[in-house]
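I opened this model to look up a few local features and note them down. The entries follow in the order I checked them.

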Amino acid sequence: MSIDAVKLCVSYGAHEVLSGVTFSAAAGDCLAVLGPNGVGKSTLFKCLLGFIAPTDGTVTVGGKKILGMPRAEAAKLIAYIPQTSVPTFNYTVLDTVLMGVTNSLPAFRGPNERHTQKALEILETLGIPHLAESGVEKISGGERQLALIARALIQDARVLIMDEPTANLDYGNRFRVMERITHLAANGYTVIFSTHEPNHALEYANCVLALKSGKILTFGEPNAVLTERTLSELYGIGVYVGKLTIGGAEHSVSLPYNR
Amino acid sequence: MPKFTHTDKLISSASVRARYARRCAALTAALIAVFVVSFFLGRYKVSPESFWRIFTSPFTGGDLSDISREVSATLYIRLPRVLAALLIGAALSTAGASYQGMFRNPMVSPDILGASTGAGFGAALAILLSMNYFGIMTLAFAGGMGAVLLAYLVSRSSRLDGTLSLVLAGVMISSLFSAGTSFIKLIADTDNQLPAITYWLMGSLSSIKLEDLPFAAIPIAAGLIPLILLRWRINLLTTGADEAKSLGVNVAGLRLAVIVCATLMTAASVAVSGMIGWIGLVIPHFVRLIFGYDYRRIIPMSAILGAAFLLAVDNIARIATTTELPLGILTSFVGAPIFVYLIMTGGQRREH
């Protein structure tokens, strides 16, 4: 399923947060959104998810306008995977995943045995079936992120919006979560994730959107558009971009320096 | 690492559910036990045979004229009080639990939006105007509903984030009404009205009559039933507005439903019994320690535990001393030590 943003503009009073943002992503795409802090990544995601109305422009998912759509209907098209944080209430992983089926339930119903079965299947494909009855407070950040991914998958939405999926994760968990994300795209999901790590865009994304001052600085294939110049301009620091051949495969990597 | 299969996990989920079912059965049994015992406590003794005859008489049509004093003690004095304690305990606990989910904060109590202080002001005003018990209940209920409506309207026109503006508005409206209550106490007649207001504000069920019960029962049922039906969705409110929306929930509508239901129950409770603090804040916490975090269990179990707890405390209030102890004082005296014990021993064992 494709998601299309056309000429998105968002202003808060006189302050323009986004202006003229146009891009699209289709099934199988893994789109990384890069940009310095406060550039409007969160605002962009809120527009894509229909949480806020853009001042101008439209967002469509599978050809349907997301804004003004009933939430239960929108939840079947597009899912949101927030940054992991330790939640106030210590739900079990299974209950967390089951929250994802709410969009297909009548208001007065809760999930049933069939939903539980489906939730356990998804946990198994993500490699964490043994955590079903664990409280989310006690598991690692990476496992918690996988639980949130499972919750999005059970929604049956084909477009996944991920807000910094690797924030607060250690080195190993960042790798595991990014691997999962590329698997999802390979399985036909449309994945859009934000990140502060250009190497994740270079390594895992097939498409990158770099935002600067609310406008698109560059949009395209990561290896082609994430040049030293672009990254330097984006973050205001010096950046080397080089090729490394590891295990027979060529990887692009970036490294910052004090210019 | 051991390899887990589906069936393993299903069995494990089933055993977790079986454990909760056993705890639920134990709690329900405790509620029934407290309920039955309540009829035998108090200065006027009722024998078990009389008790049995009184409660089976609607089915057997037995003649009760030889035990008419026991009948009136049981049906007209103890029964209304027992039913009121059950209703109000359940109402305050579920109202507290729902607000805690909605505000994503386990330290929230049912009077966060001003329902109790508004009702307290209404009651104080009614006592100042020398109104009868029915007048006190009516003004108290109106005060509670009015305070929350004010807080809601203020927050609606605020540009702050939804729940933050609601809490701030609630705190402000609360302090306004409590200042109003203080002012009424200042100008009230110190011989009769002031003690009456003070005593009422501390909470008591001693003066409740059978005909007053619908006044509490109808609003409480009107609030409790929708919350029971919506209990799964309250879980989603605890994830925050954006996540709940992304999961397909109409967040504004659900929040409004929770506010209306919880306020109906709180205002009706305070109108009938006066201020009984502590229960709405802490009973949901006990329930989470025993039954976990899923609101499918928290709502009904809060109702049962809250009902049993308030009834037990009211029994103590009735028998402990010759003059009735106010409930507001006793709930803390009885509940706080139990709570401290539970915190220190860890409550729910964390196997995982």
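Predicted model: local features only at pLDDT ≥ 70, side-chain atom pairs only at ≥ 80, totals over all residues.

I began with one residue pair: Ser11(A) stands opposite Glu16(A), which belongs to S2(A). I then looked up the two strands around that pair. Strand S1 of chain A covers residues 3-12, strand S2 of chain A covers residues 15-25, and seven bridges pair them in the antiparallel sense. S1(A) and S2(A) make a hairpin, with two residues between them. In the turn I noted Gly13(A), which has a positive phi of about 65 degrees.

I also looked for a further partner of S1(A). Strand S4 of chain A, residues 56-61, runs antiparallel to S1(A) and is joined to it by five bridges. Ile3(A) has Val61(A) as its bridge partner in S4(A).

How many disulfides does the structure hold over all chains? I found zero. The cut-off I used for a disulfide is a sulfur pair within 2.5 Å.

I then looked up accessibility for two cysteines. Cys30(A) counts as buried because its relative accessibility is 3%. Cys261(B) has 6% relative accessibility, so Cys261(B) counts as buried. The cut-off for buried is under 20%.

I looked up how helix H4 (residues 115-128) and helix H7 (residues 193-202) of chain B pack. Their axes are 10 Å apart and the packing angle is about 155 degrees. H4(B) and H7(B) are therefore roughly antiparallel to each other, since angles over 145 degrees count as such. The crossing of H4(B) past H7(B) is right-handed.

I listed the residues in this contact by helix. H4(B) contributes Ala119(B), Gly120(B), Ala123(B), Ala124(B), Ile127(B) and Leu128(B). From H7(B) come Gln193(B), Ala196(B), Ile197(B), Trp200(B) and Leu201(B).

Where does Glu221(A) lie? I found Glu221(A) in the loop between strand S10 (215-220) and helix H8 (222-225) of chain A. Its relative accessibility is 39%, so Glu221(A) counts as partly exposed. I also checked Glu221(A) against Ala201(A): they are 20 residues apart in sequence, and their C-alpha atoms are 9.5 Å apart in space.

Notes. Residues numbered from 1 in each chain as written. Chains lettered and ligands numbered in written order. Heavy atoms only, no water. Buried < 20%, exposed > 50% of the residue type's maximum accessible area, 1.4 Å probe, protein only. Pairing = 2+ DSSP bridges. Helix = DSSP H or I, 4+ residues; strand = E, 2+ residues; numbered from the N terminus. Axes fitted to C-alpha atoms, helices over the stretch in contact; angles between N-to-C directions. Parallel < 35°, antiparallel > 145°, perpendicular 65-115°, else oblique. Left-handed = near helix turned anticlockwise from the far one by under 90°. Contact = heavy atoms within 4.5 Å.
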